Amino acid sequence: MTTRAQGGADEEEDGSAEEAGLGYEHARAQLIEVVQRLEAGGTSLEESLALWERGEELARICREWLEGARARLDAVLEAEEEGDETEGEDADAES
């Protein structure tokens, strides 16, 4: 297994496996660290590019988590609205 510093094709495969189980909070924390390192400067161009790419991947992971959460919330709200409509119809039928 290669490390991130070594790079190469194995890094992409290992990174994908790591990303599969990466939760929102962990990805967000790592993204914050990447941004802080980039803002601090003092890194080589190669390291800065690697950090940028890592940040883009972490941002994608966070976005997917947030989109999934939004879809779940929307589904719950839609189900509640349908339930409210059904209750209203039941009340009309009883009168």
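Me: A residue is exposed when its relative accessible area is over 50%, buried when under 20%, and partly exposed in between (1.4 Å probe, protein chains only). Which residues on the other side of helix 2 are exposed?

Reply: They are Glu25, Glu39 and Ala40. The model is predicted: local features need pLDDT of at least 70 and side-chain atom pairs pLDDT 80 or more, while totals for chains, interfaces and linings use all residues. Residues are numbered from 1 along each chain as its sequence is written, and side-chain values use heavy atoms, leaving out hydrogens and water.

Me: What makes the span of helix 2 close to the one expected?

Reply: Helices are DSSP runs (H or I, at least four residues), numbered from the N terminus. The expected span is 1.5 Å times one less than the number of residues. For the 17 residues of helix 2 this gives 24 Å, and the helix reaches 24 Å from its first C-alpha to its last.

Me: How do you know that the buried residues of helix 2 line one face?

Reply: Ala27, Gln30 and Val34 are buried. Seen down the axis, the buried residues of helix 2 fall within an arc of 65°, so they line one face; the arc is taken from the directions from the axis to the C-beta atoms.

Me: Why is the set containing Leu22 and Cys62 called a nonpolar core?

Reply: A nonpolar core is a set of buried Ala, Val, Leu, Ile, Met, Phe, Trp, Tyr and Cys residues joined through side-chain atoms within 4.5 Å. The largest has 7 residues: Leu22, Ala27, Val34, Leu51, Leu58, Ile61 and Cys62. Helix 3 gives the most, with 4 residues.

Key: Helices (H or I, at least four residues) and strands (E, at least two) are DSSP runs, numbered from the N terminus.
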